[in-house]
Amino acid sequence: MLARNLRIALIESEIKWADKQANLAQLETDLRNIPDGTDIVVLPEMFSTGVITDDRELAASLAERNTGDTMRALHRLASDYQVAIAGSFMAATGGRIYNRAFFIEPGDEETFYDKFHLFSFAGEDRIYSKGLFQAPVIRFRGFNVKIVICYDLRFPVFCRNRDNGFDALIVVANWPKSRQNAWQQLLIARAIENECYVCGVNRSGTAPDGTDFGSGSSLIIDFKGKIIAQRATSPIIAADLSPAMLAQFRDKFPAWKDADSFSILTRPAIN
């Protein structure tokens, strides 16, 4: 029997630079306004700090272990609201700093993924260590969900669905306004080629270095590449994802059966 619809809510927040307490407080406020029946809440990349690429000392002071204050707060909020919360944060492991995605479920379940494609154009690779593993697929309330981070979106092989292994691709990002045409086109392409829902959440506002992220770029896209939800006035963008409609389309147009077989080779960390 097919699962019920999955209700997903994206929060397109204006991140307060390097201010965890302010960003966590804003999240608590935003969660009070999510639609009833929400299953998954998705936050932008490094929602609690912003993506810091020019100050290693500052990044090191903000990076936390998976058992730190930020993850404890997210576990509490996931349980309070009975939702899964996804996004990424600045993580510290073994003396290295990672851009680490999380998927926190009500209770004790948690999944992490370290960003595989570091954005060297902006110097991300000078501060953060690259992940060594492919992005995971998480089973939650009848849906298979895959989560990737920002620049990963530009690499279709890395995001590729195999034998309908996932039903929804979540992309958490800090994607500048100057490249948001590419952001939207890539999200749509990933939905079409993978025959899946794509949920892309971007931050809004302006970073201290003047980078403008604009607003209204977060999107929920269906398996045909149609935008089914985007920001209007509220920073919360929500939609119901239908497993029945997805299965029907995959049966009617089974392009996934003709997909190429391949393997992704991981590389040793060098930083």
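In this predicted model, Glu-28 and Arg-76 form a salt bridge, and their closest N and O atoms sit 2.7 Å apart. Glu-28 belongs to helix H1 and Arg-76 to helix H3 (residues 69–81), so this pair ties together parts that are 48 residues apart in sequence. Glu-28 is partly exposed, at 26% relative accessible area, and Arg-76 counts as partly exposed too, at 37%.

Arg-76 also meets the side chain of Asp-80 in a salt bridge, at 3.8 Å from N to O. Asp-80 counts as exposed, with 52% relative accessibility.

Now for another pair: Arg-4 forms a salt bridge with Asp-39, with 2.6 Å between the closest N and O atoms. Arg-4 lies in the segment before strand E1 (6–11), while Asp-39 lies in the loop between helix H1 (20–31) and strand E2 (40–42), so the bridge links parts 35 residues apart in sequence. Arg-4 is partly exposed at 47% relative accessible area, whereas Asp-39 is buried at 1%. Salt bridges with shared partners join Arg-4, Asp-39 and Arg-141 into one network. A search of the whole structure turns up 13 salt bridges; here are some of them.

| Salt bridge | N to O distance |
|---|---|
| Arg-4 and Asp-39 | 2.6 Å |
| Glu-28 and Arg-76 | 2.7 Å |
| Arg-76 and Asp-80 | 3.8 Å |

On to the strands. Six of them form an open sheet with mixed pairing, in the order E5-E4-E3-E2-E1-E14. Strands E5 (110–114) and E14 (236–241) stand at the edges with a single partner strand each, so one side of each has no neighbour in the sheet. On average, neighbouring strands of this sheet are turned by 30° against each other, ignoring direction. Take E5 and its partner E4 (residues 96–104): they pair in the antiparallel sense over five bridges, and Phe-102 stands opposite Phe-112 in E5.

Strand E8 (residues 168–173) is another one to look at. Six of its six residues are buried, so the rest of the structure largely encloses it. Both faces are covered, with Ala-168, Ile-170 and Val-172 buried on one side and Leu-169, Val-171 and Ala-173 buried on the other. E8 pairs in the parallel sense with strand E7 (residues 143–149) over five bridges, and six bridges join E8 to E9 (residues 197–202), again running parallel. Val-171 stands opposite Val-148 and also opposite Gly-200 in E9. Finally, E8, helix H4 (residues 180–194) and E9 make a right-handed β-α-β unit.

Key: Residues are numbered from 1 along each chain as its sequence is written. This is a predicted model: local features need pLDDT of at least 70, side-chain atom pairs count only at pLDDT 80 or more; totals for chains, interfaces and linings use all residues. Side-chain values use heavy atoms; hydrogens and water are left out. Two strands pair if DSSP finds at least two bridges between them. Helices (H or I, at least four residues) and strands (E, at least two) are DSSP runs, numbered from the N terminus. Axes are lines fitted to C-alpha atoms, for helices over the stretch in contact, and angles run from 0 to 180 degrees between N-to-C directions. Buried means under 20% relative accessible area, exposed over 50%, partly exposed in between (1.4 Å probe, protein chains only). A crossover is right-handed if, with the strands pointing away from the viewer, the path from the first strand over the helix to the second runs clockwise. A salt bridge is a side-chain nitrogen of Lys or Arg within 4 Å of a carboxyl oxygen of Asp or Glu.
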